[in-house]
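Please look through the sequence and the structure shown below before reading on. The notes that follow are grouped by topic, so that each part can be compared with the picture.

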Amino acid sequence: MIYSYYPGCTLKNKAQELDRCARLSAQALGITLEELPEWQCCGGAYSMATDEIASKLACVRALKDARTRGHDLVTLCSACHNVIKQTNHAMAEDADFALRANNYMAPEAEYHGETKVIHYLEMLRDTVGFDKLAQKVTHPLTGKRIAAYYGCLLLRPGKVMQMDDPENPRILEDFIRALGASPVLYPYRNECCGGYATLEDKALAQKKSDTVMTSAREAEADCIITACPLCQYNLMKNTPEAGRLPVIYFTELLAQALGVDEEAKRA
Amino acid sequence: MQRIGVFVCWCGSNIAATVDVAAVSDTLKNEPGVVFSTNYQYMCSESGQNILKDAIRDYQLTGVVICSCSPRMHEATFRKAAAAAGLNPYMVEIANIREQCSWIHKDKAAGTEKAIILGRAAIAKVHLNAPLTAGESPVTKRALVIGGGIAGIQTALDIAEAGFEVDIVEKQPTIGGKMTQLDKTFPTLDCAACILTPKMVDCAQNENISIYAYSEVEEVKGFVGNFHVKIRKKARYVDTTKCTGCGLCTEKCPVKKVSNEFNLGLDNRRAVYIPFAQAVPKVATIDADHCNMLKSGKCGLCAKVCTAGAIDYKQKDEIIDREYGAIVVATGYQPIALDKYDEFAYSQSKDVVTSLEFERLTNAAGPTGGTLLRPSDGTHPHTLVFVQCVGSRCEDDGRGKSYCSKICCMYTAKHAMLVREKYPDTEVYVFYIDVRTPGKNFDEFYRRAVEEYGVHYIKGMVGKVAPRADGKLMVQACDLLANEQLHIEADMVILAAAIEPDPSARHLATMLTASMDTNDFFTEAHPKLRPVESPTAGIFLSGVCQGPKDIPETVSQASAAAAKAIGLLAKNKLTCNPCVAHSDEWMCNGCSACEKVCPYGAITYMDKEFRMPDRTTAIRRVASVNPAVCQGCGACTVACPSGAMDLDGFSNSQIMAEVDAICKMK
């Protein structure tokens with residue numbers, strides 16, 4: 001199975017582990033991720049106002065490129081996934097947006113949302129299958145209590161993202177089970193970490209992160225996994241050190257369970 | 001050739017202001033077959049009708065065209081007048097020159113021209129009209145009420161009071177419905193059991209009422225006045241004629257952990273049970289899914305302790321055939337499942353309950369004996385948060401219902417008020433989108449909750465309920481008026497779940513060929529003028545099966561449905577509408593297209609012997625219309641591919657003649 005792959009800027013510096021482990025694991029699962037050449041920042045750092053065209057053009061370019069290559073597009077970072085998927089939806093459903101975006105690009109090859117965008121987790125669930133994934137696990141994480149942290153961007157808006165029920169998601173819990181560990185359910189797993197507010201209202205961001213962290217800790221989790229570099233950073237930096245749980249990327253856990261991580265370190 | 005009279009009505013200035021009525025009557029006088037034409041200020045008045053009657057006699061009219069208002073308004077009036085003058089009433093045609101002409105046009109010349117065209121079309125149709133005679137069918141003087149909640153009970157009592165037999169079919173082991181589970185009722189706060197159980201007893205004691213509890217309607221055949229119904233009486237494994245309702249078996253049964261549906265799973269019952277002390281009929285029922293004896297043949301304890309010898313493990317379902325003249329649907333409602341509303345943590349915490357569960361938690365006959373205790377740990381709750389509109393007025397998220405469930409604002413006010421009254425140490429919050437309290441003494445009731453009992457009403461919705469490790473529920477909400485976020489540490493959260501029709505209603509509607517809306521509420525024949533009748537003749541609607549309503553409204557509607565049913569049962573014969581479909585058996589190819597589109601189930605197929613032109617006989621499958629059931633909608637005549645179906649009074653040739661008359665150049 002071949003997919004086009006959009007890593008995103010953060011995965012090239014702060015969140016290299018997220019990217020590295022994802023590639024190693026995909027390889028072990030027999031999936032080829034072909035990174036799009038010349039991709040640009042998704043624009044996730046800008047406003048998500050629906051009438052803003054310029055900041056979305058990089059997404060449209062990537063989506064169009066994936067269409068040309070003929071493969072579905074896999075994303076990994078929650079923020080990139082959100083922006084790309086929402087932009088793709090707008091290109092397909094919002095004629096006015098599509099017209100204006102296409103006019104900026106090459107109007108002779110219009111794009112109308114033809115590329116299918118899936119998150120790495122959806123690829124694991126729908127292409128590989130969690131049952132098949134469980135069979136490929138060589139180092140099961142038996143006995144580990146892991147808290148899945150979805151954050152706000154991965155699932156919402158539910159109608160566009162169409163990954164899972166935003167109020168009662170299970171995809172990460174099923175993923176954790178497939179790796180042999182025990183998922184820990186806690187109420188704040190799908191609440192915002194406050195990451196976007198960090199610069200203007202640090203106290204608020206700290207409060208939000210602390211709520212998430214405390215909630216997971218009270219549920220007796222050993223660690224938290226996430227797909228979002230911003231959540232990872234925020235949860236770690238904005239909560240008091242005492243009682244802070246380790247926050248790692250879900251792909252790190254995956255690579256560990258598949259036994260590919262050690263191998264990479266040796267090489 | 002018909003001798004046709006044309007009568008153009010002014011309708012005061014309603015028609016005459018935009019249609020030159022004199023020009024219309026003068027022009028139509030020249031149409032073929034018209035021997036008399038006039039206009040008059042009010043044709044429907046007594047003197048107008050006399051003009052019609054006199055003209056029929058004086059000019060020996062064989063057909064009449066009235067250019068006036070919609071036939072819905074006065075067709076019956078003019079038909080009656082014509083009949084009084086000796087003319088077959090179905091020789092009268094109405095040209096609607098008011099609703100479809102004068103009211104919607106401003107230009108008098110154009111209005112006049114259109115009125116003339118509409119008149120011409122009616123004249124063309126009358127040329128092809130034939131006298132029709134309405135048939136008659138007998139009426140079985142017994143009513144069936146489906147559903148034994150407060151709606152069904154009230155309807156049955158009223159019908160029985162009028163002297164007719166009524167059967168109540170209830171799928172639960174007892175009648176009483178949802179109201180038996182309620183604690184107090186708004187706005188007067190009288191206890192639900194005190195006002196309901198006497199009515200349940202009345203039903204049991206009334207000699208005109210037969211109760212088929214633990215039974216379901218299996219099949220409905222027939223038509224208005226003549227329904228044939230099969231009722232499945234489910235096996236209780238208890239002989240109801242012997243059981244005295246002493247309850248000894250329910251104390252001895254060793255299977256103790258069956259979720260008690262009467263208390264909404266808040267406690268357990270035995271495998272043999274009586275739902276509650278005031279059940280009617282008060283007899284035990286064995287739950288076959290949990291009874292050891294029925295599952296494995298090992299136990300039989302209840303049979304041993306039963307002094308009446310009523311336990312019968314070999315009992316089978318029984319099918320009862322009954323005939324009815326009228327059927328009243330009173331299937332009620334259920335709260336929606338909350339599995340799609342996980343932001344409120346209903347499935348995560350026992351202390352998040354629905355309002356109906358809350359009724360049980362405050363009911364003296366409930367699992368806590370009426371003391372409000374947290375289901376999780378049995379402690380006294382101090383902070384309670386009520387959330388309204390959970391699943392109601394949800395336009396587009398695909399989880400809830402678009403409509404307002406109507407009862408939640410009032411029962412939430414009731415709950416909040418009662419909690420504050422009984423436990424003054426509590427803080428009670430109610431989150432709402434709008435508070436809707438139209439109804440006698442309703443708004444006063446709500447204001448009492450706010451002003452006298454100090455309930456905190458907050459406009460805004462709850463976004464999240466997060467159960468904390470120490471058992472508290474963290475409620476995150478917005479206060480829209482203050483424009484701020486609220487975080488409340490609550491002990492209990494009560495969700496006002498939307499209500500939806502009972503799931504059995506859809507299947508029943510199919511059996512009854514009664515129509516439903518997209519929410520599975522039964523539709524009424526007319527939303528304002530015929531609110532308790534289904535469009536299917538002989539089917540009446542009582543209670544929430546037709547739309548959300550509270551107890552006072554349900555009881556009013558139940559009595560209205562009873563009055564309509566009594567009106568039907570009081571008749572010895574029913575006059576049928578003669579404008580019904582019939583099939584030309586030689587043209588019919590037996591394809592079933594008409595049967596599939598018939599909304600009333602009036603069309604059946606039969607194999608009939610035909611003598612063919614070559615003197616052989618052949619068996620052919622042909623459609624046959626039951627004229628007593630057919631409502632004359634004409635759907636079959638359109639669907640029929642061979643043109644065999646035709647509608648008396650609205651035949652294909654008559655409709656085409658009208659179209660030709662309209663399309664013909666002047």
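In which loop of chain B is B:Pro187 found? B:Pro187 is found in the loop of chain B that runs between β8 (184-185) and β9 (190-191). Everything described here belongs to a predicted model, and this model scores ipTM 0.80 and pTM 0.80.

**Confidence and overall form**

- The residues of chain B average a pLDDT of 94, and 99% of the residues in that chain score at least 70.
- Chain A contains 12 helices and eight strands, and its C-alpha trace spans about 55 × 45 × 35 Å along the principal axes.
- Chain A has 267 residues, for which a compact globule would have a radius of gyration near 18 Å, and the value for chain A, 18 Å, therefore agrees with that expectation.

**Where the two chains touch**

- The contact between the chains takes six residues from chain A and seven residues from chain B.
- On the side of chain B that touches chain A, four residues are nonpolar and three are charged, while no polar residue takes part.

**Helix packing in chain A**

- Two packed helices are described by the angle between their axes together with the distance between those axes.
- Helix α1 (residues 16-28) of chain A and helix α11 (residues 250-258) of chain A have axes that come within 8 Å and cross at roughly 40 degrees.
- The helices α1(A) and α11(A) are therefore oblique to each other, and their crossing is left-handed.
- From α1(A), the residues that make this contact are A:Glu17, A:Leu18, A:Cys21, A:Ala22, A:Leu24, A:Ser25 and A:Ala28, and from α11(A) they are A:Thr251, A:Glu252, A:Leu254, A:Ala255 and A:Leu258.
- Sorted by class, the residues of the contact of α1(A) with α11(A) comprise eight nonpolar, two polar and two charged ones.
- Helix α5 (residues 120-128) of chain A packs against helix α8 (residues 171-178) of chain A at an angle of about 65 degrees, and their axes are 11 Å apart.
- The crossing of α5(A) and α8(A) is left-handed, and it brings together A:Leu121, A:Leu124 and A:Arg125 in α5(A) with A:Ile171, A:Leu172, A:Asp174 and A:Phe175 in α8(A).
- In the contact of α5(A) with α8(A), five residues are nonpolar and two are charged, and none is polar.

**Backbone details in chain B**

- Most peptide bonds are trans, and most residues other than glycine have a negative phi.
- A cis peptide bond joins B:Phe186 to B:Pro187, with omega at about -5 degrees.
- A cis peptide bond also joins B:Val280 to B:Pro281, where omega is about -5 degrees, and B:Pro281 lies in the loop between β15 (272-273) and β16 (285-286) of chain B.
- Although B:Asn441 is not a glycine, its phi is positive, at about 65 degrees, and this residue is found in the loop between β22 (427-432) and α13 (442-451) of chain B.

Technical notes
Residues are numbered from 1 along each chain as its sequence is written. Chains are lettered from A and ligands numbered from 1 in the order in which they are written. This is a predicted model: local features need pLDDT of at least 70, side-chain atom pairs count only at pLDDT 80 or more; totals for chains, interfaces and linings use all residues. Two residues are in contact if their C-beta atoms, placed from the backbone, lie within 7 Å. Ala, Val, Leu, Ile, Met, Phe, Trp, Tyr, Cys and Pro count as nonpolar, Asp, Glu, Lys and Arg as charged, and the others, Gly among them, as polar. Axes are lines fitted to C-alpha atoms, for helices over the stretch in contact, and angles run from 0 to 180 degrees between N-to-C directions. Helices (H or I, at least four residues) and strands (E, at least two) are DSSP runs, numbered from the N terminus. Angles under 35 degrees count as roughly parallel, over 145 as roughly antiparallel, 65 to 115 as roughly perpendicular and the rest as oblique. A crossing is left-handed if the near helix is turned anticlockwise from the far one by less than a right angle, and right-handed if clockwise. pLDDT is the predictor's confidence in each residue, from 0 to 100. The radius of gyration is taken over C-alpha atoms; the globule rule is 2.2 Å times the number of residues to the power 0.38.
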